[in-house]
Structures are given as C-alpha cells and as structure tokens.
Amino acid sequence: MDEQYVKIGSVEELFQSLQNPGAVILCGGTDLVLKMRKGLLSAKTLLDISDLDQLREIRQKCGCIEIGAAVTFSQIIEEAIIGEQIPILVMALRKLGSTQIRNRGTIGGNLVNASPAADSAIPLLLLDAEAIIANPAGERRVQLEDFLCGPGKTVLKQGEFLSGIRVPIPDPDFSLFFHKVGRRKALTIAIASLGALLRMKDDAIDEIRLAAGSVAPLPIRLYPLETLLAGRRVTPQLIKQARNIIPQCISPITDLRATADYRYQVIGDLLARLLLTMPN
Amino acid sequence: MKIRFTLNGKQILVEVDAETRLLDLLREDLHHTGTKEGCGEGECGACTVLIDGRAVNSCLVLAPQVDGKELLTIEGLAQLSQSVSLSSADQGHKCGFHPIQRAFVEKGAVQCGFCTPGFIMSTYALLLKNPDPTDEQILAALEGNLCRCTGYLKILEAVRYAAQLMRGGK
Ligand SMILES: Cc1cc2nc3c(=O)[nH]c(=O)nc-3n(C[C@@H](O)[C@@H](O)[C@H](O)COP(=O)(O)OP(=O)(O)OC[C@H]3O[C@@H](n4cnc5c(N)ncnc54)[C@H](O)[C@@H]3O)c2cc1C
Ligand code: FES
Ligand code: FES
C-alpha cells in the first residue's frame, strides 16, 4: 500500500482533491479502515473530512434540523435539541455499535456506506429526511430513500460528497418504537430491525410510519403496511392481516446471521409487539 | 508524513505512513504496549484509548488522524494526579496506580489481564463525564469491551468502587 493522506481543511479543498483519480473520503474510519485492511478497497489518496468544521454542525432551520455528515453518533445523542425534537433518532443511535464506535462513526459515513443494516437510516426514513449533496455547482437535495440505491451504493456522482442530512421535525405526539434483533444486545449488527412513528386517535390508528432494516437490499419504509393500518382499530384480526402482507413489503435473504424465514417471523413479531403495546 | 500530537501529556513528533493504524503506531513505533490488540475489528475493546477525552478503538483509527489531538493510554493513566500507591493489595510497590487500577486489583476484576487496559480506559472515559454512574450507565459504557475470563460481575463491582474512590469516598 502506498496511500497518501490529506487532512481536509475546507470544502473548496475537498472539491479540488476529489478530482484526483483514486481519491477516497475518510471520516470516522469505522467502515473504511477495515475495508482497506481486508483488501476490499484501495485508495490512492485518503481525504480525511473528520475535522472539517462545516460538516460538523447541527442546526435548526425552518422546521428542520440539519446534521452535518461528519457529526458523530455520540455528538447527536448528546445534543439537547435532537433529544427534544427528534428523539427517535437518539433511540436508534443508542443501539448502534458500542461507545467506542459511536465516538468515531458518523451519520454521513453510515449512510454512504449504505448497508442494509444501517441503523441510522431507520429513524431518518421514518422522518422523511433528505440527503444534502454538495457538488462544485452548488447543492442538491434528494429524499434519503432515493439517495440509497443498493447495498454499498448511493446516487453520489464523481466529485460529489454528502454534506449533511435535513430532518423535518416531527409531530411531538407520535409514539416512538425502535427495536433491533441481533445475536446479543450490545454491539450487534441487526438480524432485523423495525422502527415506527405512531399516533392514535379515538381508539384507532391515526397515522403510522414503519421502516425496517436487514430485510431487503436497503433499509426500507413498509408502505403497504402503513396503508393497511391507517385509520384501523387494533384487533387480533388486523394483526393477522398485517402479518399476511409482510411478504409484499420485505425481501429478506439467508446469510451468516439468520435465515430469510426467521427474518419474516421477526418482523411479524416486532409488528405485533408494536401494535399490542402502543398507548392509545 | 510527520504528525504531532500529545501522548500522555508529552508532545510527540513522529513519521508515519498513511495506512498505519494508531494501534500499531503506539505498540510498534512508540513501544506503548499496554494497549492490546484482540480482534483488530472494533469488536473487543482491548485497544481502547482516549482521543480528546473520548474512548475509541485504536485499531480503527489511522495514525495520521491523531495529528493535533490529545491521546491518553493506560501508560498515562498512572501518572494522573489522583494516582496513589496501591495500598492494601501491594504494600511494597512504589509505582503509582490510578484509583481505577487500584479498584480493578482490589475487587479481583483482573484474571489473565488482556482486556484490562481497555476496560480501564473505557471506565476512565465514563467517570470523566459521569462521576456517579448507575449500573445501567456503566454497562452501556463498557458494551464495547469483551472479557473472556471474569464473567463481568467483578468488573462491574470494580467500576462502582472506582467511582467511589474517585469521588473521594473510601
Ligand atoms: C465493531 C463495529 C460495530 C458496528 N455496529 C454498527 C451497528 O450496530 N449499526 C450500524 O448501522 N453500523 C454499525 N457499524 C458501522 C458503522 O460504524 C459505520 O457505518 C459508520 O457509521 C461509518 O461512519 P464513519 O465516519 O466511520 O465512515 P468511514 O468508515 O470513514 O467511511 C465509510 C464510507 O463512507 C464514505 N464517506 C464517509 N463520509 C462521506 C461523505 N460525507 N461523503 C461521501 N462519502 C463519505 C467513505 O468514503 C467510505 O466509503 C459498526 C462498525 C464496527 C466496526
Ligand atoms: S483490537 Fe480493536 S477492538 Fe479489538
Ligand atoms: S481478564 Fe482475561 S480477558 Fe478479561
């Protein structure tokens, strides 16, 4: 290996350096360092953005919160406005990795890495977050759903980078649900995960949003289930109906962590748990 | 390339390659072998050190990334001001021990000892921020550290005791 390393000091420098063939962005390194060591990735130049101040800010802006791509999970968890305004994000990130991983790993790295198990994507999908993409001509925003295109793939083009994520502040009346099933509680990659925002009205479900991880090529929203459940009262009959349409929403595979059948079962059970335990 | 950082209070200027891990810089180049390599993949926490007061896995950090930062390793902990000689367990020993180290020894939280530096660094990072943690907070702070010997209960006891020692209680 004969990589070069550059600590990036400004956005302009980053744009310029990204023009070089073989340049790869490095942030917390929790994915990248392992990939390099396993020989899965070779970089001519590593562009370290982890100290780039413009990408490390959290700010509130017109009904939204913008989080810079290089903000670490620990910073997000500790930030008071996030705990107050988008608690579902804190709830999910507390389950991500370990203290050490949360101290280094960033939200931008998690999204660009685009793993089917990316825990930060679940709350962000529920919140209809947008990815803010920077390019030399300016910036473009795309829904997170469209930003992620396949395992390890995003819509980022050559010369572009993810500058942050824009999260609309949700209704504070939503009840929150995030549950991740893995081999153990701590430091585990999800076998399957389910997140939800739910609001009840007059004994019926007024609004429900559902998203799941590790059960499709990417973390996904479960729209057919959302449509089925909206406006309905929770009955054993409804839970059965909901379980029956799960195969329309997800496409799990069998891998070293679990079988596809097990994943169908887990999503069904988590959904039942959600519906049976949600307060009116 | 040359990088400059503070290691356990001392300024260091050293030549590193871009792909060198912080763990290798510490162990191989700077001969600070208290920091251990277990898995090399962020799973076991044996390589835990503090960068600017936060616990991180030194096996996942590239050496050039610590340019300009402040690092603390297990070797530096004993030199911190609260350190005392290890009273009850080892009377004759003159070298200083940090209260967390003393607590781990006195509570029997060390067996083979391979995981111990990592656990102690994670404990230190926790107690810096939260001098009086609940058991739940202790377990959350240590979730990135594995121990194959102790069964964890003694470690939990040691951390509780260390917190008490550091708050000035006996
Ligand atoms: C032991 C361990 C446990 C883990 N547990 C979990 C878990 O429970 N849940 C989970 O979701 N993840 C988990 N992860 C993965 C998680 O740590 C990473 O996905 C992390 O969020 C990546 O962020 P980073 O800053 O470290 O990215 P890096 O490793 O620095 O980069 C990751 C990728 O993103 C690119 N990149 C980074 N930032 C940008 C940007 N702004 N613009 C364009 N490209 C960019 C890099 O080029 C690289 O390809 C775990 C990892 C380890 C090692
Ligand atoms: S050696 Fe770094 S976490 Fe195991
Ligand atoms: S004491 Fe042996 S691994 Fe913990």
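This is a predicted model: local features need pLDDT of at least 70, side-chain atom pairs count only at pLDDT 80 or more; totals for chains, interfaces and linings use all residues.
Local features require pLDDT of at least 70 and side-chain atom pairs count only at pLDDT 80 or more, whereas totals for chains, interfaces and linings use all residues. Residues are numbered from 1 along each chain as its sequence is written, chains are lettered from A in the order in which they are written, and side-chain values use heavy atoms, with hydrogens and water left out.

Chain A contributes 33 residues and chain B 32 residues to the contact (heavy atoms within 4.5 Å). About 2400 Å² is buried between chain A and chain B, 51% of it on carbon and sulfur atoms; buried area is the accessible area (1.4 Å probe) that two parts lose on being put together, summed over both. Of the area that chain A buries against chain B, 27% comes from A:Tyr5, A:Gln100 and A:Arg104, more than from any other three residues.

Five salt bridges are counted between chain A and chain B, a salt bridge being a side-chain nitrogen of Lys or Arg within 4 Å of a carboxyl oxygen of Asp or Glu. B:Glu41 forms a salt bridge with A:Lys38, with the closest N and O atoms 3.9 Å apart.

Helices (H or I, at least four residues) and strands (E, at least two) are DSSP runs, numbered from the N terminus. On the side of chain A that touches chain B, two or more residues each come from strand 1 (4-7), helix 2 (32-37), strand 3 (45-48), helix 3 (73-78) and helix 6 (99-104) of chain A. Helix 6 of chain A gives the most, with six residues.

Within chain A, the axes of helix 11 (residues 236-249) and helix 12 (residues 260-277) come within 10 Å and cross at roughly 150 degrees; axes are lines fitted to C-alpha atoms, for helices over the stretch in contact, and angles run from 0 to 180 degrees between N-to-C directions. Residues of helix 11 of chain A in this contact include A:Ile239, A:Ala242 and A:Ile246, and those of helix 12 of chain A include A:Tyr264, A:Leu271 and A:Leu275.

Over all chains, the structure holds 31 salt bridges. A:Asp51 forms a salt bridge with A:Lys7, with the closest N and O atoms 2.9 Å apart. A:Asp51 lies in the loop between strand 3 and strand 4 (58-61) of chain A and A:Lys7 in strand 1 of chain A, so the pair ties together parts that are 44 residues apart in sequence.
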